[in-house]
Amino acid sequence: MAPAHPLLWRSLRVIQVYGANTDVGKTVFTTILCRAANDIWKNEPTTFLKPVSTGPGDEADDRHIERHAPGVDRRTLLQYDLAMSPHAAAKGKSIPSDKELLSKIYQFASRKAAHGPGWLFIETAGGVHSPGPIGTTQADLYAALRCPVVLIADSKLGGISLTISAFESLKLRGYDVETILVFQDSKYDNEQYLKDYFATHHGVPVTSLPKPPPKVNDRDVDVKVMSQYYRDKSKSRITRSVLDHLNRKHQERIERLESMPGAAYRQIWYPFTQHKLISPETIVAIDGARGDFFQTLIPRTGTAIEKNEPVLQPSFDGSASWWTQGLGHGNTSLTIAAAYAAGRYGHVMFAGAIHEPALALAEVLLDGMKNPRLTRVFYSDNGSTGVEVAVKMALRAARLRYGWSANTDIGIIGLKGGYHGDTIGAMDCAEPSTYNENIEWYNGRGIWFDYPSVKCTRGQWVIGMPETLRAELGNDLVFGDLSEIFDIDSRESRKEHTVYEKYIERRLVHHISNGRKFGALLMEPVVIGAGGMELVDPLFQRALVNVVRRSADLLGSCPKPDTSDPAGWTGLPVIFDEVFTGLYRLGRFTASSFLKSEADISVHAKLLTGGLVPLSTTLASDSIFKAFESGDKADALLHGHSYTAHAIGCQVALESVRQMQAMERRGEWDWAKDGNWSGSLGSPSNPAKPDLWSIWPWDLLNWISNQTQLVAGTWALGSILAIHMNAADGLGYKSTAALKLQRALLDGDKEEMWNVHSRVLGNVLYIMGSQKTTKEDISGIASRVQRALTLH
């Protein structure tokens, strides 16, 4: 099934009517608006839609519309007989999923839009948080539709509080409340307070109308009295001004959306973008996002504007918004966590102080890592600065232990293609590449080992040896399933690591004998991200850690190290950059567990906050921490940011990490671990082998891996799918080999009207789900990937 579509057309003005509570007059106001729109725009049909209704059918709201708004089309999608909350009334009945209900709404609206200009008023049931059929509150259920809202305020005693609370609930979920309507009541006079409040705080107009006349027992008389009321109010100047306001807002929204790419082209300086190679037509305007999908402006295909076509479409966020998104865009619990911390703290300075979110997050991270070495948490703003902090920590510890002076030229040991950020210090930790070769102050400080990488080719898992190292490392190795490659213990028992260790030792001896000094081993465990989405042989990375840790005599001269602390660092401090690969991106809390190696310093960001706000943590061992202790402040770790450990980020991260841990405990990824899904990725029949799984099915990987005319290899782990295209123009970041596939996915499905927004790294196209991506959505994306490659 296609994802939820936003309801925006040039021709059809779609308005969603919410109530601050039940019995506040939603249907009365909606009837007035329907009648007025039908009278004013005589050649444009007006429609009333009730997605879910409860109670006897002859008392349903669409019958009220039929009686009092003649000429207005009406429809109820789901009618439950019992007059109670939809989730209770639906028990024992046919209950559609949230996605199915949203699809019904979109299909209905789409048919109306196809007929040309008009109005569609969608009336919700009860209050803002009244549950839908399966229990999702309406504010969450309908958010993906991105409809402008008319909020009906409560004019009764207590209505001020209810109305403000309802407005804030909608605002927190990304709704645009365009106007508020309320009945006049001289006893409580809520209207005047609400007018002043919303004008002052939110700039939202509040309009009032007289209450309808009291209900008359005689039904015929009551209908006649109400009909007169509706005739009068629908023709009033006030009602006309409300509709004019809604009509103007509709046009302004579309005009702004369509102008954004051009304005951005003239005013925005984009990251990682050669502006000579883009145009307004290639810039994607994003109106909103929900779950795993952006809501993006559909590019015009010609000069003529098709008014009956949708303006927006769902676009799967295939890069997880640069690897940050983990719990779905618009995740309500993360939004509330951010609002809570903003309301409680705002931002408070951190040096020499503590607040609950920062302390609680540190405790959760240290406990979740299950690494006895790590005892301290340092907060910074993003992955790049988190790595800079880690490098400062490691270099100081190594310098003091080996007795080097402060101006000694100390390098790091890393992997080819390793990428750790764009600040100058983090860039210096990477080998020369497209990312840094034109940066004026770049000065690569280290050595970078080439490494064997893993891909699935022709249905087999292959550890490919670099061409230049075949003489030392041997030929490629073929395995039946990926779990065999990650079975570190079995491979070490077969002595497969010895060839790696000897190669590493020879390289180290060569460089150290030529006067090089090193202060840290820095690497991304398991996956080299920005360096080309390379899945590294985990045995090689483990061998590198082991060789460095046992080579203290080779790396420097110092008194015999204190071995009383089993958690102390040896050889060199080992830094794991888990900014990308950590916190369940690969299916586990920490990617280091795949290597069966523990870091002395570990850096985390991106998924840390579920994709909502920037934050990074650098976790360190006590032996690293003590390297900065002295009686002189100049010896301290003099690094910080104005927003260090900002409470909003810490609270969001705490909620994010706890959510993912709860998902793991509840088995929410068990569908992806099933043998019928994972195939040769894991080995469910052998519990002794490592637990490997991916949200991407083995059938897809196997199929891709056999498209050998186009594809050099593929792999999947956790939420990542990487497709390495054959590249006639050479491998690397400058390659254009994956652009055609990227364009085909972006063009999308013209019938179901949704596409896949993805990123490429040279000849590699990768697609990344979140930790909440569903099996159904993955199946849909998989079919699009296959179609795109078939048409390539």
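This is a predicted model: local features need pLDDT of at least 70, side-chain atom pairs count only at pLDDT 80 or more; totals for chains, interfaces and linings use all residues.
## Helix α2

Helix α2 spans residues 61–68, and its buried residues are D61, D62, H64, I65 and H68. These residues lie on the same side of α2, because they cover an arc of only 150 degrees around the axis. An α-helix has 3.6 residues a turn, so residues three or four places apart point the same way.

## Residue T644

T644 is found in the loop between α22 (622–625) and α23 (647–666). Its relative accessibility is 11%, and T644 therefore counts as buried, the cut-off being under 20%.

The side chain of T644 reaches the backbone oxygen of H641 at 2.8 Å. Leaving aside residues up to four places away in sequence, T644 touches H347, F350, Y379 and D381.

## The largest pocket

The largest pocket has a volume of about 1,800 Å³. It is lined by 37 residues, and P271, F272, T273, I278 and R759 are the closest to its centre. Helix α9 gives the most to this lining, with 5 residues. By class, the lining of the largest pocket holds 22 nonpolar, 12 polar and 3 charged residues.

## The second largest pocket

The second largest pocket has a volume of about 1,400 Å³. Among its 44 lining residues, D23, T27, E59, D61 and H64 lie nearest its centre; D61 and H64 are also among the buried residues of α2. The largest share of this lining, 5 residues, comes from α8. The lining of the second largest pocket divides into 17 nonpolar, 13 polar and 14 charged residues.

Conventions. Residues are numbered from 1 along each chain as its sequence is written. Side-chain values use heavy atoms; hydrogens and water are left out. Buried means under 20% relative accessible area, exposed over 50%, partly exposed in between (1.4 Å probe, protein chains only). Helices (H or I, at least four residues) and strands (E, at least two) are DSSP runs, numbered from the N terminus. The arc is that of the directions from the helix axis to the C-beta atoms. A polar contact is a pair of N or O atoms within 3.5 Å; within protein, one must be able to donate a hydrogen and the other to accept it, and residues adjacent in sequence count only if both atoms are side-chain atoms. Contact means heavy atoms within 4.5 Å. On a 1 Å grid over the protein atoms alone, a cavity is a set of points where a 1.4 Å probe fits but cannot get out, and a pocket is an open set with protein on both sides within 12 Å along at least five of seven lines; lining residues have an atom within 4 Å of a point. Grid points are joined across faces, edges and corners, and a volume is the space filled by probe spheres set on the points. Ala, Val, Leu, Ile, Met, Phe, Trp, Tyr, Cys and Pro count as nonpolar, Asp, Glu, Lys and Arg as charged, and the others, Gly among them, as polar.
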